[in-house]
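Reader: Can you walk me through this one? Keep it quick.

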Amino acid sequence: MRIEYLILNLLYRSEAKSKLIAATQQNIVEGLAAEGEKYTSRTIYEHLRKLLKLEYVKNGIPGANAAYTYYITKAGMNWLKEMETEETETEEVNE
C-alpha cells in the first residue's frame, strides 16, 4: 500500500493527470529514487498493474520507444485524499 501511495503521489505532484501528460515507468522509478525511495523497475511495474486494475491510474499516450505511460485518475486522487485524511486523524488521536 505504501508503494502505491508513493506512486500516486508522484504522479499527482508531477501533474501526470491526463493521457497527454503522463509518466513512463522509468520516470516513476527515477522520481522515487530522487526522493530516496529506491525500487526496482519490476516492483514498480507490479504495483502499476495493481493500480490499473483499481482504476487509480490509466494508460496515457505511449512515450518514446512506445513505452507505456501512466496518469492518476480522479479515483486515484480521491484515494490519496482518503489516505492523507486517515493519517491526519490517526495523528490527532495519538496526541
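Author: We can go through the sheet, the helices, some salt bridges and a surface patch.

Author: This is a predicted model, where local features need pLDDT of at least 70, side-chain atom pairs count only at pLDDT 80 or more, and totals for chains, interfaces and linings use all residues. Residues are numbered from 1 along each chain as its sequence is written, and side-chain values use heavy atoms, with hydrogens and water left out.

Reader: Fine. What is the strand order in the open sheet?

Author: The order is β1-β3-β2, with antiparallel pairing. Strands are DSSP runs of E of at least two residues, helices are runs of H or I of at least four, and both are numbered from the N terminus. Two strands pair if DSSP finds at least two bridges between them.

Reader: Which strands stand at the edges?

Author: β1 (23-24) and β2 (57-59) do. Each has a single partner strand, so one side of each is left without a neighbour in the sheet.

Reader: How many bridges join β2 to β3?

Author: Three, and the two strands run antiparallel. β3 covers residues 69-72. Val57 has Ile72 in β3 as its bridge partner.

Reader: And what packs on the sheet?

Author: Helix α3 (residues 41-53) does, touching β2 and β3. The direction of α3 makes about 100° with that of β2. Contact here means heavy atoms within 4.5 Å.

Reader: Where does α1 lie?

Author: Helix α1 (residues 2-13) lies across β1, β2 and β3. Helix α1 runs at about 85° to β3. Axes are lines fitted to C-alpha atoms, for helices over the stretch in contact, and angles run from 0 to 180 degrees between N-to-C directions.

Reader: Switching to charges. How many salt bridges does the structure hold?

Author: Five. The criterion is a side-chain nitrogen of Lys or Arg within 4 Å of a carboxyl oxygen of Asp or Glu.

Reader: What does Glu37 meet in a salt bridge?

Author: Arg2, at 3.2 Å, N to O. Glu37 is in the loop between α2 (25-34) and α3, while Arg2 is in helix α1, so the pair ties together parts that are 35 residues apart in sequence.

Reader: Is Glu37 buried or exposed?

Author: Glu37 counts as buried, at 19% relative accessibility. Buried means under 20% relative accessible area, exposed over 50%, and partly exposed in between (1.4 Å probe, protein chains only).

Reader: Which residue forms a salt bridge with Lys50?

Author: Glu4, with the closest N and O atoms 3.3 Å apart.

Reader: Last one. Which residues form the nonpolar patch on the surface?

Author: Leu20, Ile21 and Ile61. Ile61 lies in the loop between β2 and β3 and is partly exposed at 47%.

Notes:
Patch = residues over 30% accessible without salt bridge, like charges linked within 9 Å, V, L, I, M, F, W, Y side chains within 5 Å. Areas by Shrake-Rupley, 256 points an atom, 1.4 Å probe, with all protein chains shown as cover.
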